[in-house]
Amino acid sequence: MNHDIIIESELEEEIPFAPLLKNVITFALEAEGVGTPCEVDVLLTDDESIHQINLEQRDIDRATDVLSFPMFEYVPGEPPVDDRDADPATGRTPLGDMVISLERCRAQAKEFGHSEERELCYLAVHSVLHLLGYDHMDEGPQKAQMRGREEAILNELGITRE
């Protein structure tokens, strides 16, 4: 499938892991059965910027690791399979935006004892699932469903916690 993964950065450094990020997002979309070309916009930033976005968009006054802003409301396990929601100009379905704090990503990788690449991949898969309707606001079945899909996708990619 020819998805368009657009990665931008507010950071002065070169965009790290961009090819890996594009591959992981594309793989997650395929693993979820997305049957139509999609667009996902990714912004890499720092804690200060994601804090501001979190405050403005969600009224939560703190930094976080990743934010997801879906364009449509999908049901988990029922991804877009046709061009019903596609942008007529591009022919792609705009799934939405993800914002990742690389600063938080690096800190969490260190805290959890794995690589920055693994943490970034986890955050990207997590966000893709949010764009496709998954949620984890409860501590019950929704969270278990989402965590199960995250682990399955990362395992299929060979990205483990080690």
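I count a contact wherever heavy atoms lie within 4.5 Å. Helices (H or I, at least four residues) and strands (E, at least two) are DSSP runs numbered from the N terminus.

**Entry 1. The model.** I note that this is a predicted model, in which local features need pLDDT of at least 70, side-chain atom pairs count only at pLDDT 80 or more, and totals for chains, interfaces and linings use all residues. Residues are numbered from 1 along each chain as its sequence is written, and side-chain values use heavy atoms, with hydrogens and water left out.

**Entry 2. H3 against H4.** I looked up which residues of H3 meet H4. From H3 they are Leu 102, Cys 105, Arg 106, Gln 108, Ala 109 and Phe 112, and their partners in H4 are Glu 116, Glu 119, Leu 120 and Leu 123. Sorted by class, this contact holds six nonpolar, one polar and three charged residues. Here Ala, Val, Leu, Ile, Met, Phe, Trp, Tyr, Cys and Pro count as nonpolar, Asp, Glu, Lys and Arg as charged, and the others, Gly among them, as polar.

I then took the geometry. The axes of H3 (residues 102–112) and H4 (residues 116–131) come within 8 Å and cross at roughly 120°. Axes are lines fitted to C-alpha atoms, for helices over the stretch in contact, and angles run from 0 to 180 degrees between N-to-C directions. H3 and H4 are therefore oblique to each other; angles under 35 degrees count as roughly parallel, over 145 as roughly antiparallel, 65 to 115 as roughly perpendicular and the rest as oblique. The crossing of H3 with H4 is right-handed, that is, the near helix is turned clockwise from the far one by less than a right angle, anticlockwise being left-handed.

**Entry 3. H1 against H4.** I find that the axes of H1 (residues 18–31) and H4 come within 9 Å and cross at roughly 40°. That angle makes H1 oblique to H4, and their crossing is right-handed. On the H1 side the contact is made by Leu 20, Leu 21, Val 24, Ile 25, Ala 28 and Leu 29, and on the H4 side by Glu 117, Leu 120, Cys 121, Ala 124, Val 125 and Val 128. By class I record 11 nonpolar, no polar and one charged residues for H1 with H4.

**Entry 4. Single residues.** I checked Ser 127, which lies in helix H4. Ser 127 is buried, with a relative accessible area of 0%; buried means under 20%, exposed over 50% and partly exposed in between (1.4 Å probe, protein chains only). Neighbours within four places in sequence aside, Ser 127 is in contact with Val 66, Leu 67, Ser 68 and Met 98.

I located Glu 73 in the loop between strand S3 (66–70) and strand S4 (93–101). Glu 73 is exposed, at a relative accessible area of 83%. Its C-alpha atom is separated by 9.4 Å from that of Leu 95, 22 residues apart along the chain.

I placed Asp 59 in the loop between helix H2 (47–58) and S3. Asp 59 is exposed, at 66% relative accessible area, and its phi is near 60°, a positive value in a residue other than glycine.

**Entry 5. The chain.** I count five helices and four strands, in the pattern β-α-β-α-β-β-α-α-α along the sequence. Of the 162 residues, 44% count as buried. Among contacts between residues at least 6 apart in sequence, 71% join residues at least 24 apart. The C-alpha atoms fill a box of roughly 40 × 30 × 30 Å along the principal axes.
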